[in-house]
Each structure stands twice: as C-alpha cells, then as structure tokens.
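Welcome, and thanks for taking a look at this protein. Please open the sequence and the model side by side, and we will walk through a few places together.

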Amino acid sequence: MKLSLATRIFLGYAVVLATFGGVSLFSVAELHRNRLEIRLVSQGYLQLSQDAAALESFHTNQEKDTERLLDEGSVETRRALIRLARLYFPALMAQRLEAAQARAREVRTLAPTGEVHFVQDLEARFGELANRYQAYGLAANAVFTVLADESPAPGELARTTSVLRQQEASIGRDIRFLRAALSNRIKERVDGAEDRERRTGLAIITLSVLAIGVGLGATAWSARALRPVRTLIEGVSRIGRGDYSAQLGVRGEDEVAVLAREFDAMARSLQAREAQLKAQAEALMRAEQLAAVGRISAQVAHEVRNPLSSIGLNVELLQDAFAHATFESPEEARESRELLVAVTREVDRLTEVTEQYLRMARPPRPSLEPTDVTDVLVSVLDFSREELERAGVEVARDFTPDTPRALADEGQLRQVFLNLLRNAREAMSDGGRLTISTRAHEREVEVALQDTGRGMTESVRHRIFEPFFSTKEDGTGLGLAVCQQILKTHGGALSCQSEPGRGTTFFVKLPRA
C-alpha cells in the first residue's frame, strides 16, 4: 500500500493521539468506577451499617428496659413504665426498620450488578426483622399484661418472660449478624477499591509509558520519513555550488522520493548539459584558434610560397647548368650537386608545409558524392604498400562485405587515410601490425585503424587534435587537426582510443549515402 508523506505523518500522530486518548478514557473510566464504589460504600453500606447499629443500640436499650421493668417492685412504677414502653417502642422500632428498608431500596438502585443480590438480601433481612418485631411486640404485651397486675402469677410471668427473652436474644443475634455482614462487605469493598486503585495506578503508568513510547516511535518514524528532505536540501546546495554530480538515490514511492528522482534526473541533465557546453566551448576555442592561426598561416604561406617557387625554379635551372659545367675535381662537382639536392628537398618540404597551412586556413569545400570507402582504402594501401613494408608494418584487412557507400569527397578522404597511415607507421618504428576494419551502422560507415605501436597517455590523447601540437620532433602538428576539420565538413567525426604500450585506434565515421 503506497501512502503519501502527509498521510504517513498524519497516521503516525493519529496513532499517538489514539494512544493518549485510550489512556485518558481508561483513566476516566477507572475514576468513574472508583467514584461509584465510594458512593456505594459512603452513601449506601455505611448508612445501612449505621441503621443496623442504631437498631442494635435501640434493641439493647429495650432489653435493659424490660429487665428494669421485671425488677421493679412498685406496681405504679411498673404500670408507668409499661405505658411508656407501649407508647414509644413499637412506633420508633417500626420507623427505624421502615427507614432501613427504604435506604436498602435506594442503595439497590446505586449498586452495580454484582452487588444487587447482596442489597436485596439486606432488604429481606430488614423486612424479616420488621416481622419479628411484630411478634416481639405481642410477646412484650403479654409480659406487660402480667406485670400490670398487683400480684402477677409467678408461673405465667416466668412463661411469658421466657418467650420474650428468647425472641430478644434471637433478634439481637440477627441484628449483630446483619451488622457483621455489612462491616465485612464494607471492608471487602474498601480493600477491593484500594487494590483496584493500585492496579489502576500501575496500569495508567504503564499505558502512559507505552503512549510515550508510541509517541517517540511516531516521532522517529516521521523524522525518518522526512530525512530525504534534508538529503534533498543538501543536494540542492551542491547543485547551487556547481557540483552537478550530486545523486540522492532516495527510494520509495512518496512525494519526496519522486521529487528526489526528478532531482537526480535534473542533476544528470545539468551535468550532461555542462559537459556539452564545455565541449562546445572547447570546440569554439579551437575554432577561434584555428581561425586566427589560419589567417596568420594564409598570410605567411602566401608570402613564402612565391619566393619558394622562384627558389625551386632557379635551383632547377642551376641543376641544368651543372650538367654542362666543369669543375676542378669530381669531389667538388659531387658536393655542389648534393647541395642542390638538399636545397631542392628543403624547398619541397617547405612547399608541403605551406600547402598544409593553406589547406587549414582555407579548406576547400568537399564535393560530397556516394563513395565506396573500401575502394578508397584499397587504393591508399596499394599506394603505401612499399613504404609500409620497408617499415616492417604488416597490414590486416577486415572489411565488412557489402560495405555501404558513404557521402564523401574521394580526394579529401584519401588525404585523411594517407595521414592516418603515415601516423600509424611512425608510431610503429620497430614494425608491427596495422588492422583496418570497416563497419556499417544504421546512419554511418565506420573505419577503424588499429596499430600496435607505443600508444599515448590520456593527457596526450586529449591534445592530439589541437593545431600545432605534435609528439614528433619534426612534426607541424597540423595533420590530425586538418583531418578532423575535413571530416567535420563531411558531417562525420574523427576520434581516438589509446593506451600506453598497447597501441592506438583511430575511428573515422562518415554519413551513409
């Protein structure tokens, strides 16, 4: 299930609120239960216990009054006491029992389900006491009737008094049992309330600690969910400082993870754009350098080429004159001819250098036509066979059958291949193997020239296409620059791969016809 960041944070804090709400509800419920327990004890059982105590006290006093009446010798005094006993005792006892029964009914409405049976039993006991007091009243009247005579019959008095005392003892015992039951119930409820209060306190503490733990867990979860935001901020800071290699690598499906992936894509795009701009800036700088050098080279070549032509023509005339000239000795003639040959060779070399400068300064526009690259390579290899064989270079041809034609200027393409063959031969000064292969791609034709020469370092490889940069003592540093310029005008490219001691491979790419 995929949840958004806001949903996860909301759920975390909802769990925290639910936990603390549960603890609060539990606390309120326990407090309410304790309040009902206290109300049951204070307003119920304690009041009933006081009523039972009052009944017991009243019954004890009644027993004492009956004993006093039996011991009284004066007939008038006995008659007065009997009138008082008949007037006050039944009404007071009935009133107290009725009040106790009413209180028991009231307590029954307050009592929880588990206490209803006990309260009903109390109510029944009070009702039974009321019935027994009615019988007790009849027995007391029987005694009072006997005592009202001036000379009561001893047998009748003993009999009625015995019945009265048995009833008094039985009623007193029931009242004491009732008080004991109430006292035990009160003690049980108080002890239970205290034990429940302790357990409630422990439960509340435990649940509070649990709630705090849940809160800390939710906070940690939220912090973990928000941690990618800090990573995102750091990445943005790195981008702001120009470090486009920053990659966040945040996993997940929430908003921050999606934003982080988009940020990574943006960083990669900016890095690629920066590399592209850097390459374009370098290309522009090279183009400006080539333009500046080309203008200077064109002017210098123009100023040098005409005198060189005159010098070459005059040297040819001198060579013709030397054929008819006489010298004092053969050695003098040989030295003179060698000097002319050396001058001719230097004039030819300088002429070739000026031609290279002029080609770089004003490269001719290529005449692009469908050209068989394999035929051009075969022609160039046949032309250079003797030179390669003298250098001990073995040529391996790996031409793809039915290589498609490329759009190229055959003359300029021959110039490129000749220059690359010469560089490969010079890189293998002690001989080696040159493998030339062709490959057809969807939109271009690729030619690879791989030698087994000494190779080059990475720093040198990055500079080989710069004008006037050369690793050869007598090199002009224009050959590869001119080749690259020719291929660019063709809509192709020239690239290089090399490792020191493992040779070099040049890749020529031309658009397909």
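Leaving aside its neighbours within four places in sequence, which residues is Arg-185 in contact with? Keep in mind as you look that this is a predicted model.

## Arg-185 and Glu-115

Arg-185 is in contact with Tyr-45, Gly-114, Glu-115 and Phe-118, once its neighbours within four places in sequence are left aside. Its place is in helix 4, which covers residues 154-240.

You will find Glu-115 in the loop between helix 2 (75-110) and helix 3 (116-148). Is Glu-115 buried or exposed? Glu-115 counts as buried, because its relative accessibility is 4% and the limit for that class is under 20%. Not counting residues up to four places away in sequence, Glu-115 touches Leu-40, Tyr-45, Arg-185 and Arg-189. Tyr-45 therefore turns up in both lists, as a contact of Arg-185 and as a contact of Glu-115.

With a relative accessibility of 5%, Thr-160 counts as buried. Beyond its neighbours within four places in sequence, Thr-160 is in contact with Ala-142, Val-143 and Val-146.

Val-315 lies in helix 5, residues 255-322, and it counts as buried at 7% relative accessibility. Which residues does Val-315 contact, leaving aside its neighbours within four places in sequence? They are Leu-340, Val-343 and Thr-344. For Val-315 and Leu-340, which are 25 residues apart along the chain, the C-alpha atoms are separated by 6.6 Å.

## Helix 7 against helix 8

Next, please move to helix 7 (residues 373-390) and helix 8. Their axes come within 10 Å and cross at roughly 40°, so helix 7 is oblique to helix 8. The crossing of this pair is right-handed.

On the helix 7 side, the residues that meet helix 8 include Val-373, Val-376, Leu-377, Val-380, Phe-383 and Glu-387. Facing them from helix 8 are Glu-410, Leu-413, Arg-414, Phe-417, Leu-418, Leu-421 and Arg-425. By class, this contact has 11 nonpolar, 2 polar and 4 charged residues.

## Helix 8 against helix 10

Helix 8 (residues 410-427) also packs with helix 10 (residues 479-489), at an angle of about 145° and with the axes 10 Å apart. Here the crossing is left-handed. Helix 8 brings Gln-412, Gln-415, Val-416, Asn-419, Leu-420 and Asn-423 to this contact, where they meet Gly-479, Leu-480, Val-482, Cys-483, Ile-486, Leu-487 and Thr-489 of helix 10. How many of the residues in the contact of helix 8 with helix 10 are nonpolar, polar and charged? They divide into 7 nonpolar, 6 polar and no charged.

Helix 10 itself is mostly covered, with 8 of its 11 residues buried. The buried ones are Gly-479, Leu-480, Ala-481, Val-482, Cys-483, Gln-484, Ile-486 and Leu-487. Several of these are also in the contact with helix 8, among them Leu-480, Val-482 and Cys-483. Just after helix 10, Gly-491 takes a positive phi of about 85°.

## A positive phi in a loop

Asp-402 has a positive phi of about 55°, although it is not a glycine. Asp-402 is found in the loop between strand 2 (393-398) and strand 3 (406-408). Is Asp-402 buried or exposed? It is exposed, with a relative accessible area of 77%.

## The whole chain

Finally, please step back to the whole model. The protein has 10 helices and 7 strands. Of its 513 residues, 34% are buried. The accessible surface comes to about 30600 Å², and 54% of it belongs to carbon and sulfur atoms.

Definitions and conventions
Residues numbered from 1 in each chain as written. Predicted model: local features only at pLDDT ≥ 70, side-chain atom pairs only at ≥ 80, totals over all residues. Heavy atoms only, no water. Axes fitted to C-alpha atoms, helices over the stretch in contact; angles between N-to-C directions. Helix = DSSP H or I, 4+ residues; strand = E, 2+ residues; numbered from the N terminus. Left-handed = near helix turned anticlockwise from the far one by under 90°. Contact = heavy atoms within 4.5 Å. Nonpolar A, V, L, I, M, F, W, Y, C, P; charged D, E, K, R; others polar. Parallel < 35°, antiparallel > 145°, perpendicular 65-115°, else oblique. Buried < 20%, exposed > 50% of the residue type's maximum accessible area, 1.4 Å probe, protein only. Areas by Shrake-Rupley, 256 points an atom, 1.4 Å probe, with all protein chains shown as cover.
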